[in-house]
Amino acid sequence: MNGTVAVARYTLVELSRRRILLVFFIIGALGIALIGIGLKVFSSAFNNVVISGPTAPDPAKLQRAFELGFVNDLIGALGFFALLIAFGIGMTVIYHDLDSGAAISIFSKPVSRAAFTIGKVAAAVIAMIAIVGVLSIEARLMMLFFGTGGLGEALWIETVAQVANALTVMLLVMALSTWMNNIVAAIVAFVYNTVGGFVVLLHSQLQAGFLGDNQILKVGLNIVYWLVPHQLMSDARRQIALAQFDLFSSLDTSTPRGQRPSADQIVSSIPGASGAGDIIWWVFVVCLFAGLAYYAVRRRQV
Amino acid sequence: MAAVVSVEGLRKRYRSRDPWAVDGVSFALEPGQAFGLLGPNGAGKSTVVKIIAGLLRPGEGKVTLFGSDPGNPMARQDLGFAPEDPDFPKFLRATEVLDYFASLLGLDEDERKRRIPETLAFAGLDKERRQIRQFSKGMKQRLGIAQAILGRPKLLILDEPTADLDPLGRRDVRALIDQLKASGVAVLLNSHLLSEVELVCDTVAILARGRVLKEGTMAEVVPEGRNLEDVFVELVQANAPPRDQLPSFIKEQDKS
């Protein structure tokens, strides 16, 4: 226990001094601030220019449209920076100790490889939650200033889902970087994550009936689906899409009512909130990757 | 007296197609004894000490550290190991490194407060506030020795401890070894500096190509009227593969 706490504590001290994480954090914080400020500037400029003619849209509806776009962008920005930070932490947290030879002095002490791995993983998870947590608090502050589009709650849940997804990637990079060079590990993890995301998207399209009824495709995709991590999702994207649909269909008077797509059609093409099965699968994948990291550290001769 | 370290028929190779890096090495080390492990580059000395420190797994044979498998963390409780070319988490400071390692050793806060400043002062790093990434090789070597003695070990393994040290640092290490020996600590010294080994070690083993060529007390290995260096060179050359002559371009330079 002492060993785990010591490894975690000093790994956190090290992470707090790594410039790469500081740079990612500053870029993330600036990016989120710019999205909010940009929205404010754009919406006030738009209101001044457009809202004057006889067919001018309702300013309240316009404001809501901007807010929905803002929340959508925030979700994207948070997800992107969570992933960047996951790569930044995963690539360095174990690899640098092994690569520099620091592990020789550490492993000659009475600390087990399991305690070392648990300490490293704990520190990495704490660091990521702290950094993404601060960014999401900043996003929340931006929403207080510029409006939430009524989706404040959804953003929180989406943030948790994105941290969970970033955690999976971080553990994979961490495990791979004990076997191979950390840059190669990051590339392999990136490709795996991208392919995984694509498979999950295809699977949701299949479930929604957009890919026809081909049995071979169904079976194949179902098998592949259970070989990749499932990105966890909240209902936020569906809620945004629905809100945008309601808003724009009320503004659209040129298309006859019968020819407009239904809300169900819009929603079914967007992956919904993850179910219990996906969450259990995520827990399994996290345990698997953490186990892989331990196995690699245990096997490693320094 | 129970052996601190016992190595019996140790063999190790890194990959199945590689030759044996260590081939049938046996020796034992008792409390208060200073044992010198000598050999040319690539003789297998560092591999032997890394196996004793639980960092590498033995291929064949048996190694015990305080009667247990060195892979067992508890067996390493009384081990101090100063590796060759030591390195540490590079964004930490010397005090933090020692505090980190003291925590791994399970030292309580009072002990840490007492031992860390004294150990840093011994290593000449007590005024140092920079992070490890800004340390020179010599400073890292000093810190390597400092972390090795921090837990007041019963076995101290020093792998090329003075390679990057200045003469004052070397003298300090010699004094440290003498003091530890006198207090019953076993010392395993792995060094190329034969004069130093001759000064501090009671027993030596000379390795080449993974095998022990000669082992015994200093008096047994070094006959009267000769020195360790002569014996070492003679033994190693007799067991070395034929070496290439000087490169032809060097000879050409000589002619001109």
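**View 1. Helix 2 of chain B meets helix 4 of chain B.** In this predicted model, A94(B), V97(B), L98(B) and F101(B) of helix 2 are in contact with L143(B), A146(B) and Q147(B) of helix 4. Two residues are in contact if their C-beta atoms, placed from the backbone, lie within 7 Å. Helices are DSSP runs of H or I with at least four residues, strands are runs of E with at least two, and both are numbered from the N terminus. The residues of this helix contact divide into 6 nonpolar, 1 polar and no charged. Here Ala, Val, Leu, Ile, Met, Phe, Trp, Tyr, Cys and Pro count as nonpolar, Asp, Glu, Lys and Arg as charged, and the others, Gly among them, as polar. The two helices, helix 2 and helix 4 of chain B, pack at an angle of about 30 degrees, with their axes 10 Å apart. Axes are lines fitted to C-alpha atoms, for helices over the stretch in contact, and angles run from 0 to 180 degrees between N-to-C directions. Helix 2 and helix 4 of chain B are therefore roughly parallel to each other (angles under 35 degrees count as roughly parallel, over 145 as roughly antiparallel, 65 to 115 as roughly perpendicular and the rest as oblique). Their crossing is right-handed; a crossing is right-handed if the near helix is turned clockwise from the far one by less than a right angle, and left-handed if anticlockwise.

A note on reading the labels: residues are numbered from 1 along each chain as its sequence is written, while chains are lettered from A and ligands numbered from 1 in the order in which they are written. As this is a predicted model, local features need pLDDT of at least 70 and side-chain atom pairs count only at pLDDT 80 or more, whereas totals for chains, interfaces and linings use all residues.

**View 2. Helix 3 of chain B also packs on helix 4 of chain B.** Stay with helix 4 and look for helix 3 (residues 109–123) of chain B: the axes of the two come within 9 Å and cross at roughly 145 degrees. This crossing, of helix 3 and helix 4 of chain B, is right-handed. From helix 3, T119(B), L120(B), F122(B) and A123(B) meet R142(B), L143(B), I145(B), A146(B) and I149(B) in helix 4. By class, this contact has 7 nonpolar, 1 polar and 1 charged residues.

**View 3. Chain B touches chain A.** Here 29 residues of chain B are in contact with 23 residues of chain A. On the chain B side, the elements that give two or more residues are strand 5 (79–82), helix 2 (94–104) and helix 4 (137–149). Helix 2 of chain B gives the most, with 5 residues. Sorted by class, this side of chain B has 17 nonpolar, 6 polar and 6 charged residues.

**View 4. Y100(B) sits in helix 2 of chain B.** Is Y100(B) buried or exposed? Y100(B) is buried, with 25 other C-beta atoms within 10 Å. A residue is buried if 20 or more other C-beta atoms lie within 10 Å of its own, exposed if 12 or fewer, and partly exposed in between, with C-beta atoms placed from the backbone. Leaving aside neighbours within four places in sequence, Y100(B) is in contact with A6(A), Y10(A) and L92(B).

**View 5. Two loop residues of chain B, F66(B) and R152(B), have positive phi.** Most residues other than glycine have a negative phi. F66(B), however, has a phi near 50 degrees, and R152(B) has a positive phi of about 50 degrees. F66(B) is in the loop between strand 4 (60–65) and strand 5 of chain B, and R152(B) is in the loop between helix 4 and strand 6 (155–159) of chain B. F66(B) counts as partly exposed, with 19 C-beta neighbours inside 10 Å; R152(B), with 15, also counts as partly exposed.

**View 6. I85(A) belongs to the largest nonpolar core.** This core has 144 residues, and those with the most contacts inside it are I85(A), A86(A), M128(A), M170(A), V173(A), V187(B) and L188(B). A nonpolar core is a set of buried Ala, Val, Leu, Ile, Met, Phe, Trp, Tyr and Cys residues joined through C-beta atoms within 7 Å. Not counting residues up to four places away in sequence, I85(A) touches L21(A), F24(A), M128(A), I131(A), V132(A) and A166(A). Around it, chain A has 12 helices and 0 strands.
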